[in-house]
Amino acid sequence: MNYGLRNAACCQIAGTKNCHLSRRTVAAYRSIDHQRGFSLVQVVVVVFVIAVIALIGIPHLQKAFRASDDKNAISAMRKIAGAQVNFYSKFNRFGRLNEINSSLMGSVGTRVGDDIVRGKYLLSMSPDPPSDGELKNGYTVLATHNKDVDTGNKVYELTESGEIRQILP
């Protein structure tokens, strides 16, 4: 007997003649008191609203994840560019990725053979592996994102000039 109807219920139960609510009103309130839960229409409307919000939000969330992956790869390439300058001043040649990653205590990524994996990007040198003679003249590091089916493979390039540019797509 919720809904603030204690007085009405008391009037009805006690049989008081001075009850301020009619019997029909008390009966209507009693029938409301027995309704529990949600109707099928209410549930369908809520599910529909949630589906619309998900359809709008999920693509934006995926786009944000891709942008985060890209920024992560570019950050790694900036670290490599800075470390290459230091490496060249010490050894009179640029370093291979595993040498650079070691000098940065593995902060560039996880070593896989001659390459480094950073998030969803594979960092590799071109040519793979470069010789010491090639490393005296310059280097090229490629960051390839090969797990994005929606936008294709993104590829960023870092050269000895320190410039990072997107070359694919």
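Two strands are taken to pair if DSSP finds at least two bridges between them. In this predicted model, five bridges join β3 to β4, and the two strands run antiparallel. Within that pairing, Met125 stands opposite Val141 in β4.

The strands belong to an open sheet of six, ordered β1-β2-β3-β4-β5-β6 with antiparallel pairing. The edge positions are taken by β1 (110–112) and β6 (164–168); each has a single partner strand, so one side of each is left without a neighbour in the sheet. From one strand to the next, the twist averages 30°. Strands β2 and β3 are antiparallel and are joined by three bridges. Arg118 has Tyr121 in β3 as its bridge partner. The hairpin of β2 and β3 has two residues between the strands, and Gly119 takes a positive phi near 65° there. Further along the sheet, strand β4 (residues 140–145) and strand β5 (residues 154–159) run antiparallel and are joined by six bridges. In this part of the sheet, His145 stands opposite Lys154 in β5.

Strand β3 is mostly covered, with four of its five residues buried. Ser124 is found in this strand. The relative accessible area of Ser124 is 14%; because buried means under 20%, Ser124 is classed as buried. When residues up to four places away in sequence are not counted, Ser124 touches Leu97, Asp115, Thr140, Val141 and Leu142.

Helix α3 lies across β2 (115–118), β3 (121–125), β4, β5 and β6, and runs at about 15° to β5. The helix spans residues 40–91 and contains both Phe87 and Phe91, which are four residues apart, about one turn of the helix. Phe87 is buried, its relative accessible area being 10%.

A search of the whole structure finds four aromatic pairs. In the pair formed by Phe87 and Phe91, the ring centres are 4.5 Å apart and the planes stand at 40°, so the pair is tilted. This assignment follows because planes under 30 degrees apart count as stacked and those over 60 as edge-to-face, with the rest counted as tilted. Ring pairs also link Tyr88, Phe94 and Tyr139 into a cluster.

Phe94 is also among the contacts of Leu135, a residue found in helix α5 (residues 132–137). Leu135 has a relative accessibility of 0% and counts as buried. Apart from neighbours within four places in sequence, Leu135 is in contact with Arg93, Phe94, Gly95, Arg96, Met125 and Pro130. The C-alpha atoms of Leu135 and Arg93 are 5.4 Å apart in space, while the two residues are 42 residues apart in sequence.

The structure holds seven salt bridges. One of them is formed by Asp69 and Lys120, whose closest N and O atoms are 4.0 Å apart. This pair links distant parts of the chain, with Asp69 in helix α3 and Lys120 in the loop between β2 and β3, 51 residues apart. Asp69 is buried at a relative accessible area of 17%, whereas Lys120, at 39% relative accessibility, counts as partly exposed.

Arg93, Arg96, Glu99 and Asp132 are linked in a network of salt bridges. Glu99 counts as partly exposed, with 23% relative accessibility. The side chains of Arg96 and Asp132 also meet in a salt bridge, at 2.7 Å from N to O. Arg96 lies in the loop between α3 and α4 (97–103) and Asp132 lies in helix α5, so this pair ties together parts that are 36 residues apart in sequence. Asp132 has a relative accessible area of 37% and is partly exposed.

Key:
Residues numbered from 1 in each chain as written. Predicted model: local features only at pLDDT ≥ 70, side-chain atom pairs only at ≥ 80, totals over all residues. Heavy atoms only, no water. Phe/Tyr/Trp six-rings, centres within 6.5 Å; stacked < 30°, edge-to-face > 60°. Buried < 20%, exposed > 50% of the residue type's maximum accessible area, 1.4 Å probe, protein only. Axes fitted to C-alpha atoms, helices over the stretch in contact; angles between N-to-C directions. Contact = heavy atoms within 4.5 Å.
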